[in-house]
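Biologist: Please show me the sequence and the structure, and then let us discuss them by question and answer.

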Amino acid sequence: MYNPKSMKAEEFIDDEEIQESLRFADAHKNDLAMIDDILNKARQYKGLSHREALLLLDCEDAEKNKEIFALAEQIKKEFYGNRIVLFAPLYLSNYCINECVYCPFHGKNKHIRRKKLTQEEVRNEVIALQDMGHKRLAIESGEDPENNPIEYILDCIKTIYSVKHKNGAIRRVNVNIAATTVENYRKLKEAGIGTYILFQETYNKKSYEELHPAGPKHDYAYHTEAMDRAMEGGIDDVGLGVLFGLERYRYELTGLLMHAEHLEAVHGVGPHTISVPRVRHADDIDPSAFDNGIDDETFAKIVAVIRIAVPYTGLIMSTRETKECRERVIHYGISQISGGSKTSVGGYAVPEMPDECSEQFDVSDSRTLDEVVCWLMEMGYIPSFCTACYREGRTGDRFMALCKNRQIHNCCLPNALMTLKEYLMDYASPKTHAVGDSLIQKEMLNIPNEKVRAIVAERLKEIADGKRDFRF
Ligand code: SAM
Ligand code: SF4
């Protein structure tokens with residue numbers, strides 16, 4: 001049955017193959033010779049199969065685990081340097097006809113405040129986000145063909161790109177909306193979206209059906225095959241994810257990597273990003289009601305193993321995680337984080353009062369974007385607001401080629417430094433500005449190509465003089 005090239009969900013995410021992989025890992029997880037072979041293969045930076053990755057995930061040997069974490073860190077440095085891309089979610093509407101049991105937007109929730117932004121409110125949200133310094137958004141919406149049809153989403157995207165407030169601009173809009181048709185994906189592509197993100201929630205069909213008892217999202221195959229339709233609709237960059245806590249994490253990691261293998265096998269390009277959300281407390285949702293919650297140690301291991309298994313795929317961690325957890329896990333391969341996030345509808349422009357909750361979940365890291373930027377730099381990371389690849393047409397396999405040729409140091413590092421400089425000039429607090437300027441000076445020396453370095457030095461001066469939006 002198992003066939004990564006099949007277009008049928010139950011064949012490329014074959015339950016029997018997952019069960020067999022779980023049994024195999026149970027039998028061999030502490031076979032040190034086998035773990036060594038896998039680690040040696042991973043050191044060639046070509047990734048791992050789902051079975052190999054699962055073995056690393058399950059390995060209990062303390063020394064080998066140290067090697068696994070160290071290798072994840074090394075791969076992250078090699079492929080992404082010390083850059084961390086920043087973004088924010090923008091909630092457009094919490095109207096939803098699905099009944100996902102973990103999400104407070106579910107259709108049966110009668111007391112949550114339902115809200116859908118008008119175009120004027122979208123503008124106000126975007127202005128507030130631009131004033132924080134954001135350049136990249138992920139729009140979020142419930143599924144409701146009457147309240148949030150695709151035309152509404154497209155209108156919002158148009159509005160978002162049109163707002164030019166002071167020196168601000170949203171240069172990349174990623175989209176996290178329910179699974180839809182090829183035709184609608186084509187419309188999203190035409191509207192100029194970046195990545196299409198859709199979390200699988202769980203790869204286990206039986207659990208999936210129980211967790212989504214009603215509504216269009218109940219259909220496991222339609223949901224699981226969405227990325228193929230998105231790619232058929234012309235979207236090059238797709239973002240996978242599971243909601244950890246719903247199902248056994250070993251099952252999920254295996255399914256997630258099989259999904260990545262399927263995309264690579266069929267479309268020649270794997271997922272652009274993988275997200276690793278964990279279920280959080282929300283309005284009428286108690287995360288302890290789900291049996292499969294994972295602790296921070298397991299969470300860190302999952303991130304490290306994903307980093308090793310798919311070196312070219314960006315890894316996203318959101319403000320569902322605390323500052324302390326983010327501080328630990330970021331080193332093992334995270335390449336994008338959100339900052340200053342609000343999960344309420346309209347909450348950036350008009351902060352909500354405690355009694356008018358429209359939030360999707362409680363944010364665990366509630367620091368401002370400026371605090372997050374400063375914290376990253378103090379840990380030695382370069383906060384990046386770069387959106388160049390997508391705007392230069394380097395999407396899908398063209399982005400992967402850049403990554404594989406390791407040209408990102410001559411391209412992404414300069415872009416990160418220039419966009420950071422813009423942030424410092426326009427939005428940073430005096431402290432962040434000072435930390436940032438010395439970081440930029442230091443990091444300039446790490447641009448390998450001399451000519452590129454000279455161009456960047458010139459452009460940094462121009463940015464200080466008020467010019468904006470340079471990119472390689
Ligand atoms: N409605 C669309 C969907 O379900 O695919 C997309 C947007 S939904 C607002 C974004 C994601 O939030 C969901 O895919 C789910 O994984 C996550 N989510 C829902 N409830 C959550 C909770 N209580 N804690 C953490 N994440 C949650
Ligand atoms: Fe609706 Fe998405 Fe929440 Fe499910 S996760 S209830 S589809 S908003």
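**Strands, domains and ligands**

Modeller: In this predicted model, strand E6 (residues 273-275) and strand E7 run parallel and are joined by three bridges.

Biologist: Which residue of E7 is the bridge partner of threonine 273?

Modeller: The parallel strands E6 and E7 are joined by three bridges. Threonine 273 takes part in this pairing, and its partner in E7 is glycine 314.

Biologist: Which helix makes a right-handed β-α-β unit with E7 and E8?

Modeller: E7 and E8 pair in the parallel sense over two bridges, and isoleucine 316 has glutamine 336 in E8 as its bridge partner. A β-α-β unit also needs a helix, and E6 and E7 make a right-handed one with helix H13 (residues 296-309). For E7 and E8, the helix of the right-handed unit is H14 (residues 323-329).

Biologist: Are the residues that point either way from strand E7 buried or exposed?

Modeller: In strand E7 (residues 314-317), Gly314 and Ile316 point one way, while Leu315 and Met317 point the other way. A residue counts as buried if 20 or more other C-beta atoms lie within 10 Å of its own. By this criterion, all of these residues of E7 are buried.

Biologist: Which residue of E2 stands opposite tyrosine 91?

Modeller: E1 is joined to strand E9 (residues 382-384) by three bridges, and the two run parallel; here isoleucine 84 is partnered by proline 383. Three bridges also join E1 to strand E8 (residues 336-338), again in parallel, with leucine 86 opposite isoleucine 337. The pairing of E1 with strand E2 (residues 136-141) is parallel and has five bridges. In that pairing, the residue of E2 opposite tyrosine 91 is glutamate 140.

Biologist: Which residues point the other way from E2, opposite to Arg136, Ala138 and Glu140?

Modeller: Six of the six residues of E2 are buried, so this strand is largely enclosed by the rest of the structure. Arg136, Ala138 and Glu140 point one way from E2; those that point the other way are Leu137, Ile139 and Ser141.

Biologist: Which helix makes a right-handed β-α-β unit with E2 and E3?

Modeller: E2 runs parallel to strand E3 (residues 172-176), and five bridges join them; arginine 136 has arginine 172 as its partner in E3. E1 and E2 make a right-handed β-α-β unit with helix H6 (residues 119-132). For E2 and E3, the helix of the right-handed unit is H7 (residues 150-162).

Biologist: How many residues does the contact between domain 2 and domain 3 take from domain 3?

Modeller: The domain assignment places domain 2 at 79-366 and domain 3 at 406-464, and their C-alpha centres lie 29 Å apart. The contact takes six residues from domain 2, and from domain 3 it takes nine residues.

Biologist: How many residues of the shell around ligand 2 are charged?

Modeller: Among the residues around ligand 2 are Cys96, His106, Glu143 and Lys217. The shell divides by class into five nonpolar residues, three polar ones and, as the charged group, two.

Note on methods. Residues are numbered from 1 along each chain as its sequence is written. Chains are lettered from A and ligands numbered from 1 in the order in which they are written. This is a predicted model: local features need pLDDT of at least 70, side-chain atom pairs count only at pLDDT 80 or more; totals for chains, interfaces and linings use all residues. Two strands pair if DSSP finds at least two bridges between them. Helices (H or I, at least four residues) and strands (E, at least two) are DSSP runs, numbered from the N terminus. A crossover is right-handed if, with the strands pointing away from the viewer, the path from the first strand over the helix to the second runs clockwise. Domain bounds come from an automatic or database domain assignment. Two residues are in contact if their C-beta atoms, placed from the backbone, lie within 7 Å. A residue is near a molecule or strand if its C-beta atom, placed from the backbone, lies within 6 Å of it. Ala, Val, Leu, Ile, Met, Phe, Trp, Tyr, Cys and Pro count as nonpolar, Asp, Glu, Lys and Arg as charged, and the others, Gly among them, as polar. A residue is buried if 20 or more other C-beta atoms lie within 10 Å of its own, exposed if 12 or fewer, and partly exposed in between; C-beta atoms are placed from the backbone.
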